[in-house]
Amino acid sequence: MASTDTTAPKAGTASKTDDLAGLEAGLDALDAVQVRRTPVREVLVKKVLPPVVAVLLVLVVWQLLVVAEVTDESKLPAPSAVWDSVTTMWLEGTLLDVLWTSVSRALLGFLMALAIGTPLGLLVARVRFVRAAIGPVLAGLQSLPSVAWVAPAVLWIGLNDSMMYAVILLGAVPSIANGLVAGVDQVPPLFLRAGRTLGATGLKGAWHIVMPAALPGYLAGLKQGWAFSWRSLMAAEIIASSPDLGLGLGQLLENGRNNFDMPGIFLAIILILLVGVAIDLLIFSPLERAVLRGRGLLVKS
């Protein structure tokens, strides 16, 4: 008589098989994720249209306040008056010069702060004695308003571009250094041990292990450092106005106050805001997306 005995798989074995199958399916799904470029139309709708609509709403509310005569135009000028100021400066050929004077100063000062703040941050993050000695000082300097440095910088250096760069450095270096320190503190110790095992110690370990792992925190410090650079420069240009320094956005704002020119004041404020937004969109946002994409945290771009 033929045997009809069939061996049924054990419950534990079936469960393990199902778990392995689920794990393989999950890994296959991860491998199947395709990074694709977002269509231009979708970018325009999701990223360009919302800020444009927000700006238009601000302009509409602004114009309604002027029409309703909430206050007189000597305090709140109409958008058309500000546009007239833009047109006048453009026709005179001074608009781009004013922008370039401030932007070039801020970018050069930021690059100098980057060159100083990066090694300083690494030193503070990796050497305990240095952290104990100057770590609290850096934190205190970061909370100190940049405008406080303008007066001593003028007395030390004089009314020149070097004074502007000194104020920028004093405002931006602590932010960049502290951002890098925060990023290094978040590096998993396992990474450092693995790097030492592979021979990545000293400067080699800092370049190949510490800096890439600390990049998100470092990038946040760079963004904050740029913000401090821009604010420090504006404070210096407003307070230390001089014909020898050229006309920057800060001087334009101060000239508007001295001349009771409210359209000129609003124009300076808008230009200062636009430069900050443009630097973020053109430099820091692409860097941030590249970092996220490199870590597999950005599927769509």
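Contact means heavy atoms within 4.5 Å. Keep that cut-off in mind at every stop.

**Before you start**

This is a predicted model, in which local features need pLDDT of at least 70, side-chain atom pairs count only at pLDDT 80 or more, and totals for chains, interfaces and linings use all residues. Residues are numbered from 1 along each chain as its sequence is written, and side-chain values use heavy atoms, with hydrogens and water left out.

**Stop 1: the whole chain**

Show the chain as a cartoon. It has 12 helices and 0 strands. Both element types are DSSP runs numbered from the N terminus: helices are H or I with at least four residues, strands are E with at least two. Take the contacts between residues at least 6 apart in sequence: 72% of them join residues at least 24 apart. Of the 301 residues, 35% are buried. Buried means under 20% relative accessible area, exposed over 50%, and partly exposed in between, with a 1.4 Å probe and protein chains only.

Now colour by pLDDT, the predictor's confidence in each residue from 0 to 100. The chain mean is 80, and 78% of residues reach 70 or more. Confidence is lowest in helix H1 (residues 11-32), with a mean of 55, and highest in H4, at 91.

**Stop 2: the nonpolar core**

A nonpolar core is a set of buried Ala, Val, Leu, Ile, Met, Phe, Trp, Tyr and Cys residues joined through side-chain atoms within 4.5 Å. The largest one here has 60 residues, and Trp230 and Leu249 have the most contacts inside it. Helix H7 (residues 161-185) gives the most to this core, with 12 residues.

Select Leu249. Leaving aside neighbours within four places in sequence, its contacts include Val98, Leu99, Ser102, Trp230 and Met234. Further along the chain, Leu249 also meets Ala268, Leu271, Ile272 and Val275, among others.

**Stop 3**

Select Ser102, in helix H4 (residues 95-126). Ser102 counts as buried because its relative accessible area is 0%. What does Ser102 contact, beyond its neighbours within four places in sequence? The partners are Trp230, Leu233, Met234, Glu237, Gly248, Leu249 and Gly250.

Move to Ser229, in helix H10 (residues 215-239). Ser229 is also buried, at 0% relative accessibility. Not counting residues up to four places away, Ser229 touches Ala106, Phe110, Ile168 and Ala172.

**Stop 4**

Ala125 sits in helix H4. Ala125 is buried, at 14% relative accessible area. Beyond four places in sequence, Ala125 touches Arg131, Val181 and Val184.

Ala153 belongs to helix H6 (residues 150-157). Ala153 is buried, with a relative accessible area of 2%. Its contacts beyond four places in sequence are Gly158, Met163 and Val167. Val167 is 14 residues from Ala153 in sequence and 6.9 Å away, C-alpha to C-alpha.

**Stop 5: two loops**

Go to Val187, in the loop between H7 and helix H8 (189-197). Is Val187 buried or exposed? Val187 is buried, at 7% relative accessible area.

Then find Phe260, in the loop between helix H11 (249-258) and H12. Phe260 counts as exposed because its relative accessibility is 77%. Check its backbone too: Phe260 has a positive phi of about 55° although it is not a glycine. Most residues other than glycine have a negative phi.

**Stop 6: the largest pocket**

On a 1 Å grid over the protein atoms alone, a pocket is an open set of points with protein on both sides within 12 Å along at least five of seven lines, and lining residues have an atom within 4 Å of a point. Grid points are joined across faces, edges and corners, and volume is the space filled by probe spheres set on the points.

The largest pocket has a volume of about 620 Å³. Of its 20 lining residues, Val55, Leu59, Ile270, Leu273 and Leu274 lie nearest the centre. Helices H2 (40-67), H3 (79-92) and H12 (262-294) each supply at least two lining residues. H12 gives the most, with 9 residues.

Colour the lining by residue class: 19 are nonpolar, none polar and 1 charged. Ala, Val, Leu, Ile, Met, Phe, Trp, Tyr, Cys and Pro count as nonpolar; Asp, Glu, Lys and Arg as charged; the others, Gly among them, as polar.

Key:
1 Å grid on protein atoms, 1.4 Å probe; cavity = no way out; pocket = protein on both sides within 12 Å on 5 of 7 lines; lining within 4 Å.
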